[in-house]
Amino acid sequence: MLVLITYDVNTETASGKKRLRQVAKQCVNYGQRVQNSVFECVLDAAKCRELQYKLEQIIDKDKDSLRFYYLGNNYKGKVKHIGAKPSFDIEGVLLV
């Protein structure tokens, strides 16, 4: 299923900046960054729970926020991209 993950981490302190880097690093491990604090991740239910748990361990729930949008398996008709940063097939072949 496609899961859209967004986050807002308070970076007024050094610890906040560290949390921001840690959250971004975990999200990169599971998906593709599509905007500064937005990731598209194709995950099964177990991987989704795993990532959510990891992110919850990083953030400060009094200062930061996470949002998970579950777009399901038939997400291709639900996502429309307009503008810079061309869209791509996140399940497609990756050529390096």
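Q: Which residues does Thr6 touch, not counting residues up to four places away in sequence?
A: This is a predicted model, in which local features need pLDDT of at least 70 and side-chain atom pairs count only at pLDDT 80 or more, while totals for chains, interfaces and linings use all residues. Residues are numbered from 1 along each chain as its sequence is written, and side-chain values use heavy atoms, with hydrogens and water left out. Contact here means heavy atoms within 4.5 Å. With sequence neighbours up to four places away set aside, Thr6 touches Ser37, Val38, Ser65, Leu66, Arg67 and Tyr69.

Q: Is Thr6 buried or exposed?
A: Thr6 lies in strand β1, residues 2–8; strands (E, at least two residues) and helices (H or I, at least four) are DSSP runs, numbered from the N terminus. Buried means under 20% relative accessible area, exposed over 50%, and partly exposed in between (1.4 Å probe, protein chains only). Because its relative accessibility is 18%, Thr6 counts as buried.

Q: How many salt bridges are there?
A: A salt bridge is a side-chain nitrogen of Lys or Arg within 4 Å of a carboxyl oxygen of Asp or Glu. By this rule, the count of salt bridges is four.

Q: Which residue meets Asp64 in a salt bridge?
A: Asp64 is in the loop between α2 (45–58) and β4 (65–72), and its partner is 45 residues away in helix α1 (residues 14–30), so that the pair links distant parts of the chain. Both side chains belong to buried residues. With 2.6 Å from N to O, the partner of Asp64 is Arg19.

Q: Where do Lys47 and Glu50 both lie?
A: The side chains of Lys47 and Glu50 meet in a salt bridge, at 3.6 Å from N to O. Lys47 is partly exposed at 37% relative accessible area, and Glu50 is partly exposed at 31%. Three residues apart, about one turn of the helix, the two lie in helix α2.

Q: What is the N to O value for the salt bridge of Glu50 and Lys54?
A: Glu50 and Lys54 are four residues apart in helix α2, about one turn of the helix. Lys54 has a relative accessible area of 31% and is therefore partly exposed. Their side chains meet with an N to O value of 3.8 Å.
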